[in-house]
Amino acid sequence: MLDELERLLPAGRVPAAVFGDEDLYRRELRAVFARCWVFVAHESEIPVPGSFVRRKIGEDGFIVVRNDSGGISVLFDACRHRGVQVCRADAGRTKHFRCPYHGWIYDTRGRLLGAPEWTTALEGMCREDNGLLPAAQIATRHGLVFATLDAAAPSLDAYLGDMSWYLDLVFGLNEHGVEVLAPPQRFVIDANWKSAAENFCGDDYHLGTLHRSVWDVGAFPVSFQDDMTGYHIQAAPGHSLSLSMAVDGAGAGPEFYGLPGAVTATFGPERVTPTQLAIARRSRVFVGNVFPNFSVLAQPATEDAGSHPATGVLAFRTWQPLGPARMEVWSWFCAYRNMTEDEKRRSYRAALGTVSVGGCFDMDDAEPWIATSHTGRSVAAGVLGLELNYQMGMPGTGRARRADDWPGPGIAVTPRYEEGVQRNFFAFYSQMMRS
Amino acid sequence: MEAVTSPFRSDAHLRPGSPLHNEVVEWMHLEAELLDDGHEREWLQTLVSRDVVYQVLLRQTRRRADGPGFVEGGFHLDERYGSLSSRITRNGSAWAWTEDPPPRTRRFVANIRAWDRGGDLAVRSNLLVYRTRGDQTQPHLLSGERHDGLRREHGSLRLHRRIVLLDLSVLGVPNLAYLL
């Protein structure tokens, strides 16, 4: 099947089975989730020594903890004795983790401190060889903590490549940076994680159909046609994004995703280049995905157009794999630290009503993704040879063209009626899965 | 989150069978009927106060010493009258894909306990919502508790405060497209 994907992708086709095949899924857990850099937490979630959250790498539980020296440890949640889970809460604050089975106890860096009746039971055993296993590498960008299980993986900077330049446009616009507004919403969709990840690479086309109801309630202040002007960007292998902006510069705001003027006034060229600032200013919407499963969304929205004009919402999420046809969505909302409490509250309420589990946008997303996973598992797709169509924007299909004057890195295409951003995702997926 | 008390610990708790308790039960059953029958707009206009605060709290798994896990300032839904109205309008849109074909929902409201706080009735009730769509045989089930404040406005009871406390931390449903 990977051979088929490699053969078909240059022609803009993807075998339907990638969204449902069990063997492919099993392989993804090793070839993708155990090797790529994955998002595990934002620093603002673990602010003080001892504060921890429990997160996933692939399907596996990891403790993400602010250790006693102020650094961050990402530890496999498995006691070295019998592999029992030592962290049984989603979050909290602790000085140590104690295994419920035999009482082996570890500190916040994963070092084995001891066990009951140590002398009689375990005297002579080397503690250093029996600590909780850390992820192979950890690195942070704009407070976003990433980890990888692969010691041979390139650095996070090398892995992100020019996607870093674009992440700056959401998270790095002033010296305050962002903080998370609440712990993540978590909910389950019976669909393949790649349906969601590829959607956030820059599927804007679906807004006009799947999310058309949002215009019935004025949740989004830009018309579909206007919103489709802008750029699709393949920032680096596997990492794609999409920016909605008026191409000819005629101010079809809002600026900076609709964030309040008081905070955008603090965005400046001290942190980002003038080019980056100009692009962020002109952007109405930023939607993007860091391979494999870390998505970012910045857009103006309102949950109640009659009472509140649209305001900027900043969100990021992960699509955690639970099976070939099952994913758990983890959805965070954040805000620039120097926004007022009122501004943060407004942004959070707008987000909850639009781009959250109960939001007018997100509600409809699950429908097609669930259906795609049925097709992905179907016998008919294989027997009848269903190759999914990813050809929008390829030569001879539509009017999207390379934007040679795009001042940022990566490959930029305009307008946003194209699917190169998804083909970029699958090309890198194909490469990771085969190597 | 405001402190929760049990009506059974209060002298002001309404005894089942008393006229006021009956009125509360009837209100709860009418609400469930309107929502199950798809009359969301009528629910909003006749049973909900204009200054309603309607919240579904975010919940984590926490150690017992850290409490039941509801997150201060963390929500799945944080609604007011205007946003509820917007939600209902969206559900009626020809482009609301979650609503067409419509799901089948049924709300089971039980353990209705109420007490009089002088001008405001505090009510706790258990809720089980059963939902299926299409040819699903395994329903989406949500179980939780509502802490409500009902207030008499022009003679009839209206909801001015609802906090929904769900019995899970990870929602097993793909969306909260329906009212709890």
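**Stop 1: where the chains meet**

Start by colouring the two chains: 33 residues of chain B are in contact with 33 residues of chain A (contact means that the C-beta atoms of two residues, placed from the backbone, lie within 7 Å). Before you zoom in, know that this is a predicted model, where local features need pLDDT of at least 70, side-chain atom pairs count only at pLDDT 80 or more, and totals for chains, interfaces and linings use all residues. Residues are numbered from 1 along each chain as its sequence is written, while chains are lettered from A and ligands numbered from 1 in the order in which they are written.

Stay on the chain B side. Here β2 and α3 (81-91) of chain B each supply at least two residues of the side that touches chain A. Those labels are DSSP runs numbered from the N terminus: helices are H or I with at least four residues, strands are E with at least two. Which element gives the largest share of this side of chain B? Select β2(B): 8 residues come from there. By class, the side of chain B that touches chain A divides into 13 nonpolar, 14 polar and 6 charged residues. (Ala, Val, Leu, Ile, Met, Phe, Trp, Tyr, Cys and Pro count as nonpolar, Asp, Glu, Lys and Arg as charged, and the others, Gly among them, as polar.)

**Stop 2: the sheet of chain B**

Now show chain B as a cartoon and look for an open sheet of 6 strands, in the order β2-β1-β6-β5-β4-β3, with mixed pairing. (Two strands pair if DSSP finds at least two bridges between them.) At its edges sit β2 (70-80) and β3 (104-116) of chain B, each pairing on one side only. From one strand to the next, the twist averages 25°.

Zoom in on β3(B) and its partner β4 (residues 120-132) of chain B: they pair in the antiparallel sense over 11 bridges. Click Ala114(B), and you'll find Val123(B) of β4(B) standing opposite.

Next, select helix α1 (residues 19-36) of chain B. This helix lies across β3, β4, β5 (140-153) and β6 (156-166) of chain B, running at about 160° to β3(B). (Axes are lines fitted to C-alpha atoms, for helices over the stretch in contact, and angles run from 0 to 180 degrees between N-to-C directions.)

**Stop 3**

Two packed helices are described by the angle between their axes and the distance between the axes.

Show the side chains: Glu40(B), Arg41(B) and Leu44(B) of α2(B) meet Leu84(B), Ser85(B), Ile88(B) and Asn91(B) of α3(B). That contact splits into 3 nonpolar, 2 polar and 2 charged residues.

While you're in chain B, visit the loop between α3 and β3, where Pro101(B) is found. A cis peptide bond joins Asp100(B) to Pro101(B), with omega about -5°.

**Stop 4: over to chain A**

Colour domain 1 (38-148) and domain 2 (162-434) of chain A separately; the bounds come from an automatic or database domain assignment. Taken over C-alpha atoms, the centres of these two domains of chain A are 33 Å apart. Their contact takes 13 residues from domain 1 and 18 residues from domain 2 of chain A. On the domain 1 side, strand β2 (residues 38-42) of chain A gives the most, with 3 residues.

Pick out helix α5 (residues 163-171) and helix α10 (residues 274-282) of chain A. Their axes come within 9 Å and cross at roughly 55°, which makes α5(A) oblique to α10(A). The crossing of α5(A) and α10(A) is right-handed. Trp165(A), Asp168(A) and Leu169(A) of α5(A) make the contact with Gln276(A), Ile279(A) and Ala280(A) of α10(A).

Finish at His142(A), in the loop between β10 (137-141) and β11 (144-148) of chain A.

Conventions: Parallel < 35°, antiparallel > 145°, perpendicular 65-115°, else oblique. Left-handed = near helix turned anticlockwise from the far one by under 90°.
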